[in-house]
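This report is written for a reader who is meeting the structure for the first time. Please look over the sequence and the model below before reading on.

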Amino acid sequence: MKSAVQAYIFLGPETGKKNDAIGDVRKKLAAAGALEETVFYAGETAPGAIATAVQNHSLFAQSRLFIVKNAEVIKKKDEIALIASCMEELEQGTALILVSDEFRLAAGLDESCPKENRKVFYELFEKEKSEWIRSFFRREGRVIDPEGIDAILELVENNTDALSRECSRLMLFLPKDRPAGAQDVEKWLSHSREESAFTLFSRIASGDVSKAIECLHTLLGAKESPPAILAGLAWCFRKLRDYLSLLQNGEPDSFELKKIGLSSPKARSDYTAAARRYSAAAADACLALTAEYDILTRAQGAVFETVLMDRYILKIFQTAA
């Protein structure tokens, strides 16, 4: 029995809510019996191989879930036709989810997905982000002041998955007898993570290639995965693009900077330096490179990750205007 209802497209940069939506689909399928789950990365696995896996019948699993990440790279007509055909002809008990951080996929893919199953998960608005953090602390029996909230938003990627992870870590260190402030947050986030994608971006913004490579190797030596590093840098380059848009209308004031999450002097210094080196077109090129190397590092595995990441950093520096 065929059904198109189990085809889904989940888009946008809000990783936490996107993962929750995938979890809901997973839960529904698992309720029907033994679930077999397979994850593909478009660009790493050929669309033909994905289509074959989806269309092959399983003798053992009662339900199957296929997740295709980085689906925005499926652009060729024959590739679109293959995946669209899978979406329209799914077996009962089989679900196919296309996932991307972008806001739109190729038209042929969109048209093959039921409208009610196509969702875009946008980044939280400024008020929503602040309230999310405040509520998280309240659930844990803690209090955080507005400056502390601003500090978290400047040091953590703008999605509920990253916010939840870092706020949970902060619970181990922050004071219980008073509201947590910006100094507490900055102290303990940097204590628990001396180097991060954010400090790597700071090196990139300053134009210091040797320090950037050194920071990268520290992260890799601490077993930080290339996809996690690249996800953080993608967030930084999107933030840079927002900052460059503000600059088009003249020097932004404090309120405008705060709206895009640049309140602290350190954050403003980093993005001011980056804006001197990268144009809007260069920032877009950096985002494209980041997506490309996310696919490459996943495909090549741990043996080549240092070489690939070194090459990525050098290309990022070459992209500077």
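Among contacts in the protein chain between residues at least 6 apart in sequence, what percentage join residues at least 24 apart? The share is 75%, where contact means heavy atoms within 4.5 Å. This is a predicted model, in which local features need pLDDT of at least 70 and side-chain atom pairs count only at pLDDT 80 or more, while totals for chains, interfaces and linings use all residues. Residues are numbered from 1 along each chain as its sequence is written, and side-chain values use heavy atoms, with hydrogens and water left out.

**Overall form**

The protein chain has 15 helices and seven strands; helices (H or I, at least four residues) and strands (E, at least two) are DSSP runs, numbered from the N terminus. Its radius of gyration is 21 Å, close to the 20 Å that the globule rule gives for 321 residues, so the chain is as compact as a globular protein of that length. That radius is taken over C-alpha atoms, and the globule rule is 2.2 Å times the number of residues to the power 0.38. Along the principal axes, the C-alpha atoms fill a box of roughly 60 × 50 × 40 Å.

Of the 321 residues in the protein chain, 50% are buried; buried means under 20% relative accessible area, exposed over 50%, and partly exposed in between (1.4 Å probe, protein chains only). The accessible surface of the protein chain comes to about 16100 Å², and 52% of it belongs to carbon and sulfur atoms.

**The nonpolar cores**

A nonpolar core is a set of buried Ala, Val, Leu, Ile, Met, Phe, Trp, Tyr and Cys residues joined through side-chain atoms within 4.5 Å. The largest such core has 44 residues, of which Leu 200, Phe 201, Ile 204, Phe 237, Leu 240, Tyr 312 and Ile 313 touch the most other members. The elements that give two or more residues to this core are α9 (197-206), α10 (209-221), α11 (226-247), α13 (265-277), α14 (280-300) and α15 (305-319), and the largest share, 11 residues, comes from α11. Apart from this core lies another, of 23 residues, among them Ala 71, Ile 83, Leu 90 and Ala 106.

When residues up to four places away in sequence are not counted, Leu 200 touches Ala 212, Cys 215, Leu 216, Leu 219, Ile 229, Leu 233 and Ile 313.

**Selected residues**

Arg 64 is placed in strand β4 and is buried, with a relative accessible area of 5%. Leaving aside neighbours within four places in sequence, Arg 64 is in contact with residues including Leu 29, Leu 35, Glu 36, Glu 91 and Gly 93.

Asn 70 lies in the loop between β4 (63-69) and α3 (77-88), and at 16% relative accessibility Asn 70 counts as buried. Not counting residues up to four places away in sequence, Asn 70 touches Tyr 41, Ala 42, Val 99, Asp 294 and Ile 295. Although Asn 70 is not a glycine, it has a positive phi of about 55°. Most residues other than glycine have a negative phi.

Ala 231 is found in helix α11 and counts as partly exposed, at 34% relative accessibility. Glu 147, in helix α6 (residues 146-155), is partly exposed as well, with a relative accessible area of 49%.

| Pair | Apart in sequence | Apart in space |
|---|---|---|
| Ala 231 and Met 309 | 78 residues | 13 Å |

Conventions. Areas by Shrake-Rupley, 256 points an atom, 1.4 Å probe, with all protein chains shown as cover.
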